[in-house]
Amino acid sequence: LRRVNRTARIIAVCTAVHEPAARRALLEGADDYVLAPLRHDEVESALAMDARTPESLEPAPPAPTDEEKSALVAVLQNLHEGPEAALRRLAAQIQETFAARYAAIQIDGLSVATGTAEPAVLRQSITRGNTVVGSITLGRPRASGYAAFTTARLAEYARLVDAVVNVAHDRAHWQHLAWTDDLSQLWNRRYFERRLAELLSSCARQRAYLTVLLFDIDDFKHYNDRYGHDTGDALIREVAQLLVRCSRESDVVARFGGDEFAVVFWDAEEPRVQGSRHPGDPMALADRFRSAIGSHSFKCLGADAPGPVTISGGIASFPWDGNTPTQLIRAADQALLSAKRDGKNRIQLAEARQPERKFTAFEGGDAI
């Protein structure tokens, strides 16, 4: 009834034996109750409405508390986390503000909830212009009934949710552009180095493994000189598409610069094969990259291609070859140069990872 008409006068009618239930109805939003058998004067009194307009019957919501303001500031300060994360923070704030057992937000195909799911008691539409684009839902209140100004405050939150989601989408769009390579549509070097630092910090805490692969296209200058720079650009795009198809979802694939690419393999999931271990899998994946590129028929080169396109690369792993992004990238780059010197068309381990060299690793928390 409240969703149909937020200013309607709701009266519970019951016998004396059910009066406790009527009192509970007041906590859930009823305005009053009367006992049967009904008396005309009591019903008239319960239903009495004064001369005020329906809009004036609903009191204005109070100003936000300091805690509410702080929570909203935190939402705005963390918009870089994306629209869904912003909605999760807003749902938690709405649940706390209204002391609800359950709160949910749906907008633009996104859906978040906090608390234990239960039937809706209040629902506020989120509109954009004249179009309904979502809703805010509240379950039962944790203690006493919802205040008279609840619907007005929910309407304010509906406008806030729409504004925050729009800004978060815009920010995510521009952030993606800033971190994406225009030519290949892979991540760019700026994003790669940022993400590598984040993953290294996580792996250090969890004593997990991480591997960096750097590689470039052998004799890339030859393709530019023979076919022109447009064909060279097309070759980079095709290589990028192959990399994405060969990579796992968790791998970070980037164009590092020019014809050079970079990939981060890390333990984001359990081994796919019983007994498989990192960094054995990254080496196999790196060889798969090399084989896929070597066997691919690049349309941009046409039928008169001089031969298969090949790559040379270097692999460096944490914690063996370095503890920082700079150390790992340098070690992988040195291995790449070594692969070039040794005849190209190969992936080579960083020097410290060569079989004849000793190294320290972590196994079950103990150094070996």
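Which hand does the crossing of α5 and α6 have, left-handed or right-handed? The crossing of α5 and α6 is right-handed, where a crossing counts as right-handed if the near helix is turned clockwise from the far one by less than a right angle, and as left-handed if it is turned anticlockwise.

1. Basis of the note. This is a predicted model, in which local features need pLDDT of at least 70 and side-chain atom pairs count only at pLDDT 80 or more, while totals for chains, interfaces and linings use all residues. Residues are numbered from 1 along each chain as its sequence is written, and side-chain values use heavy atoms, with hydrogens and water left out.

2. Overall make-up. Of its 368 residues, 42% count as buried; buried means under 20% relative accessible area, exposed means over 50%, and partly exposed lies in between, with a 1.4 Å probe and protein chains only. Among contacts (heavy atoms within 4.5 Å) between residues at least 6 apart in sequence, 62% join residues at least 24 apart.

3. Helix α5 against helix α6. The axes of helix α5 (residues 83–97) and α6 come within 9 Å and cross at roughly 160 degrees; such axes are lines fitted to C-alpha atoms, for helices over the stretch in contact, and the angles run from 0 to 180 degrees between N-to-C directions. The two helices are therefore roughly antiparallel to each other, a label used for angles over 145 degrees, with under 35 counted as roughly parallel, 65 to 115 as roughly perpendicular and the rest as oblique. From α5, residues including Leu 87, Leu 90 and Ile 94 take part in the contact, and on the α6 side the partners include Tyr 157, Val 161 and Ala 168. By class, this contact has twelve nonpolar, three polar and one charged residues, where Ala, Val, Leu, Ile, Met, Phe, Trp, Tyr, Cys and Pro count as nonpolar, Asp, Glu, Lys and Arg as charged, and the others, Gly among them, as polar.

4. Helix α4 against helix α6. Helix α4 (residues 66–77) packs with helix α6 (residues 150–179) at an angle of about 20 degrees, the axes being 12 Å apart. That makes α4 roughly parallel to α6, and the crossing of these two helices is right-handed. Glu 68, Leu 72, Val 75 and Leu 76 in α4 meet Arg 153, Tyr 157, Leu 160 and Val 164 in α6. The residues of this contact divide into six nonpolar, no polar and two charged.

5. Asp 162 lies in helix α6 and is buried, with a relative accessible area of 10%. Leaving aside residues up to four places away in sequence, Asp 162 touches Ile 107, Ile 126, Thr 127, Arg 128 and Val 133.

6. Aromatic pairs. Rings of Phe, Tyr and Trp (its six-membered ring) pair if their centres lie within 6.5 Å, and planes under 30 degrees apart count as stacked, over 60 as edge-to-face and the rest as tilted. By this rule the count comes to eight aromatic pairs. Trp 179 and Tyr 191 form a tilted pair, 5.2 Å centre to centre with 50 degrees between the planes, which links Trp 179 in helix α6 to Tyr 191 in helix α7 (residues 189–206), twelve residues apart. Both Trp 179 and Tyr 191 are buried. The rings of Phe 192 and Phe 256 have centres 5.6 Å apart and planes at 80 degrees, so this pair is edge-to-face. Because Phe 192 lies in helix α7 and Phe 256 in strand β8 (residues 252–257), the pair ties together parts that are 64 residues apart in sequence. Phe 192 and Phe 256 are both buried. Ring pairs also link Phe 215, Phe 261, Phe 265 and Phe 289 into a cluster.

7. Backbone points to check. Most residues other than glycine have a negative phi, and most peptide bonds are trans. A cis peptide bond, with omega about 0 degrees, joins Ala 36 and Pro 37, and Pro 37 sits in the loop between β2 (32–35) and α2 (40–47). The bond from Phe 318 to Pro 319 is also cis, with omega near 10 degrees. Arg 207, although not a glycine, has a positive phi of about 50 degrees, and is partly exposed, with a relative accessible area of 43%.

Key:
Helix = DSSP H or I, 4+ residues; strand = E, 2+ residues; numbered from the N terminus.
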